[in-house]
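Open the model in your viewer and keep the selection tool at hand. The stops below go one at a time, each with something to select and a note on what is there.

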Amino acid sequence: MIHCFIFDLDGVIVDTAKYHYLAWKRLADSLGFDFTEHDNERLKGVSRVESLKIVLEIGGASLIESAFEKALDDKNQWYLDYIRRISAEEILPGAAGFLEAVRGRGIKTALGSASKNAGLILERIGLCDQFDSVIDGNSVSNAKPDPEVFLKAAGAVGCAPKECVVFEDAAAGVQAALNAEMLCIGIGSPAVLRDAHFVIPGFAGIHPNALMDRIASASGRILPPPTC
Ligand code: BG6
Ligand code: MG
């Protein structure tokens, strides 16, 4: 039985990748190398520290520890300058309605995000009360693809991994869900998310009842009857 849907935040509920990109690009510019939107794809789902390591690798640069810490802080401050101004308009199409329908069906909802800014983002877009539990980058020690964030999210709502479905837009997040032994629905491109159980382009026009059949055939599990 599926009792909980666990949602990644960036790229699943809200489109923040463009702001991460602008902040990382500003950092790369300050260090004297280029950083493209194509490069930014490599950072999706990856923690802040791991992201900086990738950015430095792309630029062929290295930083001593104090400069590394300052770069992390600068990037985050520039990112926060954007995030403090976002609103519900940045919620991805269909995501708010999907969350409401899921909760109306009696399925628990949890957030499982790598971001340490998840609380602020949820507050800005007005979705704090749509999650029974929020587990983010402040609550875990191991970044995706480690399953910690999803296992903690499941534990926080009292569900076993096999009772959970994860929604993810990043390859590292899909691997984290699989490592947690959860069913994973990719949000985005099947070419990028090839290890997900199945992939949908987004939540626009999607009702949880319609997904349940696909989840059942992907998992072979017995599902509760639709209540709405
Ligand atoms: C993930 C994003 O959700 O959070 C990554 O996909 C980002 O791109 C990571 O690096 C950490 O985010 P933050 O807000 O803690 O820097
Ligand atoms: Mg994501």
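Start by selecting Asp8, Lys144 and Glu168: these residues are linked in a network of salt bridges, a salt bridge being a side-chain nitrogen of Lys or Arg within 4 Å of a carboxyl oxygen of Asp or Glu. By this rule the count comes to 13 salt bridges.

A note on conventions before moving on. This is a predicted model, in which local features need pLDDT of at least 70 and side-chain atom pairs count only at pLDDT 80 or more, while totals for chains, interfaces and linings use all residues. Residues are numbered from 1 along each chain as its sequence is written, chains are lettered from A and ligands numbered from 1 in the order in which they are written, and side-chain values use heavy atoms, with hydrogens and water left out.

**Around Lys144**

The peptide bond that joins Lys144 and Pro145 is cis, with omega at about 20°. Pro145 sits in the loop between strand E3 (133-135) and helix H7 (148-156); helices (H or I, at least four residues) and strands (E, at least two) are DSSP runs, numbered from the N terminus.

Next select Ser113, in the loop between strand E2 (108-112) and H6. Is Ser113 buried or exposed? Ser113 counts as buried, at 1% relative accessibility; buried means under 20% relative accessible area, exposed over 50%, and partly exposed in between (1.4 Å probe, protein chains only). Show what surrounds it: not counting residues up to four places away in sequence, Ser113 touches Asp8, Leu9, Ala118, Ile135, Asp136, Gly137, Lys144 and Val149, where contact means heavy atoms within 4.5 Å. A polar atom of the Ser113 side chain lies 2.9 Å from the backbone nitrogen of Ser115.

**The two domains**

Colour the protein chain by domain. Domain 1 covers 4-14 + 90-219 and domain 2 covers 17-83; these bounds come from an automatic or database domain assignment. Taken over C-alpha atoms, the centres of domain 1 and domain 2 are 25 Å apart.

Now display the interface. On the domain 1 side 13 residues are in contact with eleven residues of domain 2. The size of an interface is often given as the accessible area lost when the parts come together. Between domain 1 and domain 2 about 940 Å² is buried, 53% of it from carbon and sulfur atoms; buried area is the accessible area (1.4 Å probe) that two parts lose on being put together, summed over both.

How many salt bridges are counted between domain 1 and domain 2? The count is one. To see a salt bridge, select Glu90 and Lys18, whose side chains meet at 3.4 Å, N to O. The rule also finds three residue pairs in polar contact across the interface of domain 1 and domain 2, both residues at pLDDT 80 or more. A polar contact is a pair of N or O atoms within 3.5 Å; within protein, one must be able to donate a hydrogen and the other to accept it, and residues adjacent in sequence count only if both atoms are side-chain atoms.

Select helix H6 (residues 118-125): with three residues, it gives the largest share of the side of domain 1 that touches domain 2.

**Thr16**

Move to Thr16, in the loop between strand E1 (4-7) and helix H1 (17-31). Thr16 is buried, with a relative accessible area of 1%. Leaving aside its neighbours within four places in sequence, Thr16 is in contact with Asp10, Tyr79, Ile83 and Ile121.

**Further charged pairs**

Side chains of opposite charge can pair when their charged atoms come close.

- Lys25 and Asp29 form a salt bridge at 3.3 Å, N to O. The two are four residues apart in helix H1 and so are separated by about one helical turn. Lys25 is partly exposed at 23% relative accessibility, and Asp29 is partly exposed at 44%.
- Asp74 and Lys70 form a salt bridge at 2.7 Å, N to O. Both lie in helix H4 (residues 65-83), four residues apart, about one turn of the helix.
- Arg84 and Asp81 form a salt bridge at 3.6 Å, N to O. Arg84 is partly exposed at 44%, as is Asp81 at 36%.

**Last stop**

Finish at Glu181, in the loop between helix H8 (171-179) and strand E5 (183-187). Its phi is near 60°, a positive value in a residue other than glycine. Glu181 is exposed, with a relative accessible area of 65%.
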